[in-house]
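Here is a short report on one protein chain. Take a look at the structure first, then read on.

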Amino acid sequence: MKKDSGYSTMAAHQEQEEKLWVAVKMSALVLGSALLIFTALVNSVSWCVQKIWDTSGYFWQTTWLKLYYLLEGREWSLFLFGAALVPSLAFWCFNGILMVADVTGRPTFITRYRIQLGKNDPVDTEKLRQAIYTALFNQFLVSFPMLVPMFYVMKWWGNTFSKELPTFQWFLVELSIFTLIEEILFYYSHRLVHLPLLYKHIHKKHHEWTAPIGVVSIYAHPLEHILSNTLPVMTGPMLMGSHMVSITAWFSLALVTTSISHCGYHLPFLPSPEFHDFHHLKFNQCYGVLGVLDYLHGTDDVFRQSKAYERHRVLLSLTPLSKSIPDIPKRAG
């Protein structure tokens, strides 16, 4: 009996090794093919984009110099304009459009793409008002003061206020590094504030919205806003000693992207917000931005088994994914 058991164990072990080896070969084949295709596409796309960049490069360089001389080269004024004013305008202009849809239900071109059907239809105006107040508080009394030490770090690097703009290729490198750093810092700080004690006293405020809207992206306890919202975005440029124009583009992109993740609408041709919307719905899934660390840590298992995962892609048509990939109706009783 023991002998048979030993043979069974060895056979099972060999079978597992064979499956693992097949999986490794298949992965190598898929990744190798994908890498070749990706490299070809990147080279083609980067060539086209570089042509556009070269054509418009003179325009951007001239525009930057006009601003530089308009502000008489005052570094603090340039920094406030690029790191505070422009990103803030991008955030509030984008969210202003979304809030009109949230409150009025119009235009239907936006509201028909609602993710959690029946939620915020229309939004509670008192709750929205409180979210706006908190967002403004975090922006003006938390984020903006944090720009002061950042300014001195950037000044120490000595590249931030250069009259010459960075090349497009270098900006892409920086953008990739910024995104990676944000993913790491946001994922682990986000999981940290989900610990019971911190959740109760800090992160619960953000999760008052189980069906979030755009402005809720910075509706948070001030400590969370520092730890999870601001530092992950600021760290990349500070480590890289980035140019002011790169910082402006990155801050604006980060604020608009997080607004999309929270907006509650899966709009055509924009990044999918399904991943983070699912986090607000379930609380213990989808902690990151890109989803890479969630996959490695297994914190997206439930999400991957849901209809939301099937809808987690860029919508390339005008048909709402809630219609083409509807949720499974709940059984009565």
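Which side chains meet in a salt bridge at 2.8 Å, N to O? They are the side chains of D300 and R304. A salt bridge here is a side-chain nitrogen of Lys or Arg within 4 Å of a carboxyl oxygen of Asp or Glu.

## About the model

This is a predicted model: local features need pLDDT of at least 70, side-chain atom pairs count only at pLDDT 80 or more, and totals for chains, interfaces and linings use all residues. Residues are numbered from 1 along each chain as its sequence is written, and side-chain values use heavy atoms, with hydrogens and water left out.

## Overall build

The protein chain has 13 helices and zero strands. Helices (H or I, at least four residues) and strands (E, at least two) are DSSP runs, numbered from the N terminus. Of the 333 residues in the chain, 41% are buried. Buried means under 20% relative accessible area, exposed means over 50%, and partly exposed lies in between (1.4 Å probe, protein chains only).

The chain exposes about 19,300 Å². Carbon and sulfur atoms supply 68% of that area. Accessible areas come from the Shrake-Rupley method with a 1.4 Å probe; for residues, only the protein chains shown count as cover. Now take contacts between residues at least 6 apart in sequence: 72% of them join residues at least 24 apart. Contact means heavy atoms within 4.5 Å.

## The nonpolar cores

In soluble globular proteins, nonpolar side chains tend to be buried together. The largest nonpolar core in this model has 27 residues. A nonpolar core is a set of buried Ala, Val, Leu, Ile, Met, Phe, Trp, Tyr and Cys residues joined through side-chain atoms within 4.5 Å. The residues with the most contacts inside this core are F79, A83, L147, M150, M244, I247 and F251. Helices α1 (2-70), α2 (75-104), α4 (125-157), α5 (168-192), α7 and α8 (244-262) each supply at least two of its residues. The most, six residues, come from α4.

What does M244 touch, leaving aside its neighbours within four places in sequence? M244 is in contact with W64, L78, F79, G82, A83, T160 and F161. A second, separate core has 13 residues, among them A131, I213, I218 and L255.

## Helix α5

The 25 residues of α5 should span 36 Å at 1.5 Å a residue. The expected span is 1.5 Å times one less than the number of residues. The end C-alpha atoms of α5 are 36 Å apart, which agrees. Buried residues of α5 include F168, F171, L175, F178, I181 and F186.

L192, L195, L223, I226, L227 and L231 make a nonpolar surface patch of about 460 Å². Patches are made of residues with over 30% relative accessible area and no salt bridge: like charges are joined within 9 Å, nonpolar side chains (Val, Leu, Ile, Met, Phe, Trp, Tyr) within 5 Å. Helix α7 (residues 222-240) gives the largest share, four residues. L231 sits in α7 and is partly exposed, at 31% relative accessibility.

## Salt bridges

The whole structure holds eight salt bridges. In the pair from the opening, D300 is buried at 2% relative accessibility, whereas R304 is partly exposed at 34%.

R129 bridges to E126, with the closest N and O atoms 2.6 Å apart. The two are about one helical turn apart, because they lie three residues apart in helix α4. K307 and E310 also meet in a salt bridge (3.6 Å, N to O). K307 and E310 are three residues apart in helix α12 (residues 307-310). E274, R311 and D327 are linked in a network of salt bridges.

## Backbone exceptions

Most residues other than glycine have a negative phi, and most peptide bonds are trans. Two peptide bonds here are cis, with omega near 0 degrees: R106 to P107 and D121 to P122. P107 is in the loop between α2 and α3 (108-111), and P122 is in the loop between α3 and α4.

E72 is not a glycine, yet its phi is positive, about 55 degrees. E72 lies in the loop between α1 and α2 and is exposed, with a relative accessible area of 61%. F283 also has a positive phi, about 75 degrees. The loop between α9 (274-282) and α10 (292-297) holds F283, which is partly exposed at 26% relative accessibility.
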